[in-house]
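Hello,

Here is the structure I promised to pass on. Please open it first, then read my notes below.

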Amino acid sequence: MKKINIKRLIEQGKSGQQVTVYGWVKSKRDSKGIVFIAVGDGSTFEPLQLIFTEDSIAFQATAECHTGAAIQASGTLQDSPGKGQKFEVSVKELLILGKADPDKYPLQKKRHSLEYLREIGHLRPRTNTFGAVLRVRNILSAAVHDFFQSRDFIWVHTPVITASDCEGAGDLFTVTGLNMDKPPRDSDGNIDFSKDFFGKHSYLTVSGQLEAEFLAMSMGNVYTFGPTFRAENSNTSRHLSEFWMIEPEMAFADLDDDITLAQDFIQFLCTRVLEKAGDDIAFFEKFYKVMTIDQLKRISESPFTRISYTEAIKLLQDSGSKFEFPVNWGLDLQSEHERYLTEQVFKGPVIVTDYPKDIKAFYMKLNQDQTTVAAMDVLLPGIGEIIGGSQREDNLDVLTSRMAAAKIPQEEMQWYLDLRRFGSAPHAGFGLGFERLVQYITGMSNIRDVIPCPRTPGTIRF
RNA sequence: UCCUGGGUAGCUCAGCUGGCAGAGCAGGUGGCUGUUAACCACCCUGUCGGGGGUUCGAAUCCCUCCCCGGGAGCCA
């Protein structure tokens, strides 16, 4: 039998058509002689209304049919006289494929707290909110590839297991095949990773950037889109230990090209979500009241504010606002400062550029002033940093001296320095935290609610 | 990791300076011919996070541990 999902049925169905639908019961309402069942199958936000009247055999079967049950229903698609839906199905045959005991089923046809839903992560995709999140996440994932493919970027697969521990992006998870009860020791008593699976200490990647750089320095424009791991003990609404990151890297490009790409990228994604996930976005607007369709339209149309770090410091100092943390040139911007810029001053995305070299990574291009680097952060209201990027240092001497200053051992990094020895060229890229983007667009305030299986310190399930 | 708020019925929460454990929703039964998280009536539902202490008496006060938010730091 050829199955049709509810999304297709609503889009392409014709009144009078015989249909069979499959899904899970979202709610049941009954009156004398008539029963209404709302059924969903994940394909779309709108549930399908099933009608059972006393004259059908299926009517009896609804007694056993509670919220959460998996059902198969056959009948006639017809225009709905009721408000709220275009079609409904008058059901002649109802099969309960899997019951859901109403005394034990953890989901009810009412609002649950997001905290509670996190405890039943395997069932929460059946809720309106999480279904909408997953559909938006899917639209965005596909749009990421559409955006880069349409610009001839090559999708490259950088490794999940890496030997680079000097990227400086945070603590790393060790990957090992050693017997943890009795690991081999060297003469100093330290664990001897030369006896490990790969012959050296290996980690889960914290960024594909360094590898993406050598791919860009041969393929031109490339991007990665894959999982990333940070062993930081971060307990916030915008950090995960395992998250997905998108990292484009462009050869023959400077910071300005990088910023333009970042803005075009975010705007493209907002536009695509509005086109393809209207129902879901409308739901977020209505129930969570954080991100509106109008706001998304505005973001997709108007250029982002650009401000240099130096200008930002001056603006904060002259603002007359009291901050908990000091504002001084040379100090990093704190959350409260970023929030002030995005939420109070500019009320939208802000791109801060040209940070002092001492608070940024060693690989960022040193500016002519010798004190700042060609870096940029994209900041969003409510989220903070969503993108961190830079033009990369392409001068061998400058790079090695910056590595020395940052005390980064160079023996293991000769391959990286080779890119500056042979055919070096200006290049730039950035990293975008995918879940933070999903958060921003849906208005979900906790990052744990935009990924199916969140990994955070002290918590792992499934 | 630090600061801060919380944990009471299946879910969401009220329960004041210590004095009989509560409501809405869900569930059950009945009613209602078209509902939209339906509605109306009645019924059922408790390790008050765990342990210890103070007290005639603790959900309430004290100590301790566990868990969950929010904020901060680290970052995407």
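Strands E8 and E9 (residues 202-204) pair in the antiparallel sense over 2 bridges. Strands (E, at least two residues) and helices (H or I, at least four) are DSSP runs, numbered from the N terminus. Two strands pair if DSSP finds at least two bridges between them. Thr174 has Tyr203 of E9 as its bridge partner. The open sheet here has 3 strands in the order E7-E9-E8, with antiparallel pairing. Strand E7 (161-162) and strand E8 (174-175) stand at the edges with a single partner strand each, so one side of each has no neighbour in the sheet.

A word on the source. This is a predicted model: local features need pLDDT of at least 70, side-chain atom pairs count only at pLDDT 80 or more, and totals for chains, interfaces and linings use all residues. Residues are numbered from 1 along each chain as its sequence is written, while chains are lettered from A and ligands numbered from 1 in the order in which they are written.

**Other strands**

Strands of a sheet pair through backbone hydrogen bonds, either parallel or antiparallel. Strand E3 (residues 48-53) shows both. Strand E2 (residues 34-40) runs antiparallel to E3, joined by 6 bridges. Ala38 stands opposite Gln49 in E3. E3 also runs parallel to strand E5 (residues 87-98), with 3 bridges between them. There, Gln49 stands opposite Glu88 in E5.

Another open sheet has 8 strands, in the order E6-E10-E11-E16-E15-E14-E13-E12, and its pairing is mixed. Its edges are strand E6 (154-155) and strand E12 (305-308); each has a single partner strand, so one side of each is left without a neighbour. E6 pairs with strand E10 (residues 221-229) in the parallel sense, over 2 bridges. Trp155 stands opposite Tyr223 in E10.

**Two domains**

Chain A divides into domain 1 (6-109) and domain 2 (126-170 + 206-449). Such bounds come from an automatic or database domain assignment. The C-alpha centres of the two domains lie 44 Å apart. Their contact takes 6 residues from domain 1 and 7 residues from domain 2. Two residues are in contact if their C-beta atoms, placed from the backbone, lie within 7 Å. The side of domain 1 that touches domain 2 has 3 nonpolar, 2 polar and 1 charged residues. Ala, Val, Leu, Ile, Met, Phe, Trp, Tyr, Cys and Pro count as nonpolar, Asp, Glu, Lys and Arg as charged, and the others, Gly among them, as polar.

**A helix pair**

At what angle do H11 and H12 pack? Helix H11 (residues 396-405) and helix H12 (residues 414-421) pack at about 155°, with axes 9 Å apart. Axes are lines fitted to C-alpha atoms, for helices over the stretch in contact, and angles run from 0 to 180 degrees between N-to-C directions. That makes the two helices roughly antiparallel (over 145 degrees). Leu396, Leu399 and Thr400 of H11 meet Leu417, Arg420 and Arg421 of H12.

**Around the RNA**

RNA strand B has 63 residues around it, and Gly82, Lys110, Tyr116, Asn235 and Gly433 come nearest. Near means that the C-beta atom, placed from the backbone, lies within 6 Å. This surface divides into 14 nonpolar, 30 polar and 19 charged residues. Strand E15 (residues 384-391) gives the most to it, with 5 residues.

Best wishes

How values were computed
Parallel < 35°, antiparallel > 145°, perpendicular 65-115°, else oblique.
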